[in-house]
Amino acid sequence: MHRFSAKVSSMKVSIIGGGGLVGSCAGFALQLGKIVREIVMIDVNPEAADGHALDILHGASLVADQSIHAGTMADCANSDVIVVTAGLRRKPDESRLDLINRNVALFRGILGDIKKAGPKSDAILFVVSNPVDVLTYLAIRELGLPPKQVIGLGTVLDTTRLRSLLAQQLSVPPTQVDVTIYGEHGDSMVPIWSLGQIGGLPVDKYPGVTPQLITEIEKRARNSGAEMLKKKGGAGFAVGVSIADVIHSIALDQRRVMPVSSLQNGAYGLRDVAISVPTIVGRKGVLGVVEVDLWPKEKIALQSSGRVLRETIEKVL
Ligand SMILES: NC(=O)c1ccc[n+]([C@@H]2O[C@H](COP(=O)([O-])OP(=O)(O)OC[C@H]3O[C@@H](n4cnc5c(N)ncnc54)[C@H](O)[C@@H]3O)[C@@H](O)[C@H]2O)c1
């Protein structure tokens with residue numbers, strides 16, 4: 001435990017885009033997590049970054065002893081984790097991949113600024129901006145950090161949406177639902193029902209689970225991003241806790257298996273693409289991926305998801 005607390009107390013997290021909805025929710029979730037030492041909010045709109053940083057700081061006396069403040073790109077130089085949530089939001093009915101042309105130039109500029117600041121050799125770049133898998137691949141190509149230190153949020157948010165909605169439908173505790181989505185953070189995402197469990201029991205045999213329910217929940221999870229855009233202008237709280245969950249696995253070197261996006265080298269037949277597969281996440285970033293047997297239709301869907309991303313990469317990068 002002592003070993004961990006030394007690491008925890010030194011963890012500095014900078015959030016580029018901290019003045020926006022996703023970045024501010026991530027900052028708040030990191031405060032409530034009480035694990036990282038320093039939270040820095042950075043934004044081209046400094047007022048917004050300072051406003052969110054101050055709002056979070058105002059609650060510090062009730063939560064934890066952390067340093068919370070607005071900053072500049074220079075803060076990237078000594079940050080342990082650099083989170084990028086800066087970006088343009090999806091318009092209603094716009095697919096995440098359609099966003100790419102608007103977001104690549106913006107993201108390239110941010111990568112240039114991070115390079116200029118000179119990140120630590122063991123820094124982790126954590127990409128959240130959409131289309132997250134494509135931008136993660138771009139960062140791996142262009143930032144100059146080892147690929148293992150570049151992680152995308154991938155299907156972490158999609159997974160918690162699926163689990164939480166299924167739990168609500170079945171009246172079971174959400175933390176006991178263990179079904180994970182892999183593949184693209186986008187239309188071709190692949191829920192892996194073959195490995196799903198509720199309270200350690202096979203999900204397809206759990207009382208109340210029917211093929212119709214599975215189809216319905218899958219559809220709701222897939223449409224959640226669009227639903228959030230329509231109802232409240234974009235996802236905030238759930239993506240915030242998703243970001244914090246990954247950062248905590250890094251900060252505590254927990255080596256948890258998570259559906260984050262990272263560069264693939266052949267597992268599940270995926271290569272030269274950043275996409276979500278079962279990935280071990282620790283202080284050094286991606287420590288490995290775990291390959292297990294899936295239903296053939298799931299493996300085929302995962303490979304086709306990889307092809308969707310590869311085609312986009314070839315078109316736009
Ligand atoms: N990966 C996921 O699961 C996931 C989920 C939700 C949203 N997102 C993505 O996160 C991104 C942000 O969404 P949001 O709702 O917070 O949008 P937002 O408009 O509320 O916030 C974006 C922020 O980025 C800032 N910004 C723009 N250019 C910048 C730059 N060059 N440097 C620093 N800051 C800059 C803006 O000023 C703004 O404050 C979008 O790309 C969105 O699609 C990803």
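Into which domains is the protein divided?

## Model and domain division

The protein is divided into domain 1 (12–152) and domain 2 (155–315), with bounds that come from an automatic or database domain assignment. This is a predicted model, in which local features need pLDDT of at least 70 and side-chain atom pairs count only at pLDDT 80 or more, whereas totals for chains, interfaces and linings use all residues. Residues are numbered from 1 along each chain as its sequence is written, and side-chain values use heavy atoms, with hydrogens and water left out.

The centres of domain 1 and domain 2, taken over C-alpha atoms, are separated by 21 Å. At the interface, 39 residues of domain 1 are in contact with 45 residues of domain 2, where contact means heavy atoms within 4.5 Å.

## The largest pocket

The largest pocket holds about 820 Å³ of space. A pocket is found on a 1 Å grid over the protein atoms alone, as an open set of points where a 1.4 Å probe fits, with protein on both sides within 12 Å along at least five of seven lines; lining residues have an atom within 4 Å of a point. Grid points are joined across faces, edges and corners, and the volume is the space filled by probe spheres set on the points. The lining comprises 41 residues, and those closest to the centre of this pocket are Val22, Thr85, Ala86, Gly87 and Arg89.

Domain 1 and domain 2 both contribute residues to the lining of the largest pocket, which therefore lies between them. At least two lining residues come from each of α2 (21–33), α5 (100–117), α7 (156–170) and α9 (224–232). Helices (H or I, at least four residues) and strands (E, at least two) are DSSP runs numbered from the N terminus. The largest share of this lining is given by α5, with 4 residues. By class, the lining has 20 nonpolar, 15 polar and 6 charged residues; here Ala, Val, Leu, Ile, Met, Phe, Trp, Tyr, Cys and Pro count as nonpolar, Asp, Glu, Lys and Arg as charged, and the others, Gly among them, as polar.

## The second largest pocket

The second largest pocket has a volume of about 690 Å³. Its lining consists of 25 residues, of which Thr159, Arg163, Asp178, Thr180 and Val257 lie nearest the centre. Two or more lining residues are given by each of α7, β7 (177–182), β8 (190–198), α10 (237–251) and β10 (256–258). The lining of the second largest pocket divides into 14 nonpolar, 7 polar and 4 charged residues.

## The sheet β10-β13-β14

Three strands form an open antiparallel sheet in the order β10-β13-β14; two strands pair if DSSP finds at least two bridges between them. The edge strands, β10 and β14, each pair on one side only. Neighbouring strands of this sheet are turned by 40° against each other on average, direction ignored. Helix α10 packs on the sheet, touching β10 and β13, and its direction makes about 145° with that of β10. Axes are lines fitted to C-alpha atoms, for helices over the stretch in contact, and angles run from 0 to 180 degrees between N-to-C directions.

Strands β13 (residues 279–282) and β14 (residues 285–289) pair in the antiparallel sense over 4 bridges and form a hairpin with 2 residues between them. Ile280 has Gly288 of β14 as its bridge partner, and Val281 stands opposite Val286 in β14.

## The sheet β7-β8-β9

A further open sheet of 3 strands has the order β7-β8-β9, with antiparallel pairing. Its edge strands are β7 and β9 (201–202), each pairing on one side only. Strands β8 and β9 are joined by 2 bridges, and the bridge partner of Gln197 in β9 is Pro202. Helix α11 (residues 296–316) lies across β7 and β8, running at about 140° to β8.

## Backbone exceptions

Most residues other than glycine have a negative phi, and most peptide bonds are trans. Asn130 and Pro131 are joined by a cis peptide bond, with omega about -5°. Pro131 is placed in the loop between β5 (124–127) and α6 (132–142).

Asp253 has a positive phi, near 45°, and lies in the loop between α10 and β10. Arg255, which is not a glycine, has a positive phi of about 60°; Arg255 likewise lies in the loop between α10 and β10.
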